[in-house]
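Please look at the sequence and the structure as I show them.

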Amino acid sequence: MSDLEFGLDTFGDVPEDDAGTLLSHAAAIRQVVDEAVLADELGVDVIALGEHHRPEYSISSPETVLAGIAGRTGRIRLASGVTVLSSDDPVRVFQRFSTVDALSNGRAEVILGRGSFTESFPLFGYDLADYDTLFEEKIELFAKLLDEKPVTWSGTMRASLENADVYPKTESGRLSTWVGVGGSPQSVVRTARYGLPLMLAIIGGPPKRFAPYLDLYRKAAEKFGTAAHPVGMHSPGFVADTDEEAKEVFWPRYQVMRDRIGALRGWPPITRTEYDAEIGRGSLYIGSPETVARKIASAVSALGVGRFDLIYTAGSQPVSARLRAVELYGGKVIPMVRDLLAD
């Protein structure tokens, strides 16, 4: 556990100011940059920015925001969380992140995913009927690009490549690349087949229920003769000075966000009882630094993961509360988790 890493994840949720007014998308992006700078100062290992194309989120191009963060930070690693590879082009994704890697002196990471939201598919001209084929073909191509050698490849979803070289190259010779998985065994096996690190999105229910996926990843890697890297997990949460403050700041805005998404997916409205139960026994890490630290330590111990990322925004939580959450996570939660695990 001495090598355990900690990250902060956000989709760039549009926050409120302290008067309760929503910020503009532009101001929300600048706010994320400020939060990343603070996280860097506090020793957080990774900042991961997710991609969305919806009005409540400000980040549609994670790598562009990461490039802005690169110029204001010195050590924190800069990741997407996730890049929706299915509705993008693997060559351009590699080029954009290798550019961020250059600007940040080797700190870029891309986390590839199929996407739990589908708005990018019609936006960029892709048919949802091709959902599985798009990702399967594009991750195959991306895996070849990671070798940073001329690529020959053919598929059905984009033009073929014949001995094509792609620039810029990274200085290290390989772009750090993960695959984000939400709970599909097939996706876990695919990740192992390509020898890539696995990032589990654990956003509901007891974390321990994901233990079989870690076992599957390791067994599949052994079968394919690839490397089984330390697995990461990311889950939503919020840190405030007290348990009650964290719950009350987070709840009303989380409820709006959760019910808006739920209406699109046929979910019933969330209740306060369900919210409290998820904090107590599920995968919401909400509370004081000590409460959140104890819950993270428990989940990390149960699963044996090598990285924990906290999705610290989920709704329009105020700017001041978000900054305080980042401050408490980096300054108090992370040291507490390390101490708990050391004991």
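Predicted model: local features only at pLDDT ≥ 70, side-chain atom pairs only at ≥ 80, totals over all residues.

The search of the whole structure finds one cavity of 30 Å³ or more, and the largest cavity holds about 40 Å³ of space. Among the residues that line this cavity are Phe-94, Leu-145, Glu-148 and Lys-169. By class, its lining has four nonpolar and four charged residues, with no polar residues.

We turn now to a pocket. The second largest pocket contains about 280 Å³ of space. Its lining is made up of 16 residues, and Val-14, Leu-22, Glu-56, Arg-260 and Ser-316 lie nearest its centre. Helix 8, residues 243-265, gives the largest share of that lining, with four residues.

Side chains of opposite charge can pair when their charged atoms come close. The count here comes to 26 salt bridges. Is Arg-54 buried or exposed? Arg-54 counts as buried because its relative accessibility is 16%, under the 20% limit.

A second salt bridge joins the side chains of Glu-109 and Arg-307 at 3.1 Å, N to O. Glu-109 lies in strand 5 and Arg-307 in strand 12, so this pair ties together parts that are 198 residues apart in sequence. Both residues, Glu-109 and Arg-307, are buried.

Finally, Arg-294 and Glu-290 meet in a salt bridge at 3.3 Å, N to O. Both lie in helix 10, four residues apart, which is about one turn of the helix. Thank you for your attention.

Conventions
Residues numbered from 1 in each chain as written. Heavy atoms only, no water. 1 Å grid on protein atoms, 1.4 Å probe; cavity = no way out; pocket = protein on both sides within 12 Å on 5 of 7 lines; lining within 4 Å. Points joined across faces, edges and corners; volume = space filled by probe spheres on them. Nonpolar A, V, L, I, M, F, W, Y, C, P; charged D, E, K, R; others polar. Helix = DSSP H or I, 4+ residues; strand = E, 2+ residues; numbered from the N terminus. Salt bridge = Lys/Arg side-chain N within 4 Å of Asp/Glu carboxyl O. Buried < 20%, exposed > 50% of the residue type's maximum accessible area, 1.4 Å probe, protein only.
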